[in-house]
Amino acid sequence: MLSSPVPPSTARMKWSVVVPARNEAAMLPGLLRALKAQTRPPCEIIVVDNASTDDTARVAAEYGARVLHCARRGVAHARQLGLDHATGDWIASTDADSLPEPGWLSALETAIRPGTVALYGPMQFLPLPGRVSERTARLSGAGYRAFLGVMAALGQPNCGGANMAFSRSAALLAGGYPAVEAREDILLGLALKRLGRVRYTPEARVHTSARRLDRGWGPFLWQHIRNLAGRTSGYFDR
């Protein structure tokens with residue numbers, strides 16, 4: 001491993017939460033309320049408006065978020081702009097259609113040890129009427145936790161942008177997010193692994209929208225298999 005920045009003690013650590021958002025005016029209020037309810041509040045919440053055509057920026061500002069405007073369409077560009085402008089020692093990343101549990105940031109902070117440069121946690125689908133029942137939502141979480149646990153045991157981090165955190169200085173040293181259509185979160189996690197320890201944190205839980213299941217489980221899973229394999233073309237076309 002290369003030499004990596006030493007994180008400040010958690011007693012004086014500053015956290016930024018960065019959220020990329022394109023046309024997410026309807027979903028943002030739930031997320032921003034969840035971030036305001038964190039038992040360990042962040043020093044700032046940044047919403048990066050990625051060339052939206054709706055009221056994303058206005059809604060984010062009304063909820064007290066710091067709004068950045070990214071004219072270049074693409075989630076990697078939006079995440080990078082947030083990284084460049086964040087003021088926290090550590091950055092927590094989530095998505096506009098997600099709901100972190102109240103102890104999310106606290107669990108992430110508690111998991112930091114000397115040499116740790118990044119953290120990631122599990123996700124679980126939110127129920128979706130007519131598509132995902134409460135039971136299926138719970139099963140999705142159990143399945144994903146099992147997958148992450150196995151991969152962590154194999155030394156293969158799977159950092160998902162809806163639930164990850166990292167040292168800002170380490171991320172900049174690693175080169176930031178690569179300018180790809182998708183999978184930028186996983187690639188950043190792998191780059192950070194070369195600088196220090198990337199830890200799976202099962203206590204840091206996030207619930208996320210199942211809206212991408214509108215075409216069914218088969219197309220959803222196939223797209224994610226392609227994404228993990230690096231075949232990301234067309235990922236955000238819909």
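**Notebook: a look around the chain**

I started at Trp104: leaving aside neighbours within four places in sequence, it is in contact with Val17, Leu35, Gln38, Ala92, Ser93, Thr94, Asn163, Ala204, Arg205 and Val206. Contact here means heavy atoms within 4.5 Å.

A note on what I am looking at: this is a predicted model, where local features need pLDDT of at least 70, side-chain atom pairs count only at pLDDT 80 or more, and totals for chains, interfaces and linings use all residues. Residues are numbered from 1 along each chain as its sequence is written, and side-chain values use heavy atoms, with hydrogens and water left out.

**Entry: the cores**

Next I looked up the largest nonpolar core, which has 30 residues; Trp15, Leu28, Leu35, Val47, Ala92, Trp104 and Leu108 touch the most other members. Such a core is a set of buried Ala, Val, Leu, Ile, Met, Phe, Trp, Tyr and Cys residues joined through side-chain atoms within 4.5 Å. Buried means under 20% relative accessible area, exposed over 50%, and partly exposed in between (1.4 Å probe, protein chains only). Two or more residues of this core come from each of β1 (15-21), α1 (28-36), β2 (44-50), α2 (56-62), β4 (90-93) and α4 (104-110). Helices (H or I, at least four residues) and strands (E, at least two) are DSSP runs, numbered from the N terminus. I also found another core apart from it, of 25 residues, including Ala78 and Phe166.

**Entry: the sheet**

I traced an open sheet of seven strands in the order β3-β2-β1-β4-β8-β6-β9, with mixed pairing. Its edge strands, β3 (66-70) and β9 (197-200), each pair on one side only. Two strands pair if DSSP finds at least two bridges between them. β1 and β2 run parallel and are joined by six bridges; for Pro20, the bridge partner in β2 is Val48.

**Entry: helix α3**

Why is helix α3 largely enclosed by the rest of the structure? Nine of its eleven residues (75-85) are buried, so the helix has the rest of the structure around it. Among the buried ones I noted His77, Arg79 and Gln80.

**Entry: cysteines**

Cys43 or Cys159: which is buried, which partly exposed? Cys159 counts as buried because its relative accessibility is 1%, while Cys43, at 39%, counts as partly exposed. I found zero disulfides in the structure; a disulfide is a pair of cysteine sulfur atoms within 2.5 Å.

**Entry: whole chain**

Finally, I counted eight helices and ten strands in the chain, and buried residues make up 52% of its 238 residues.
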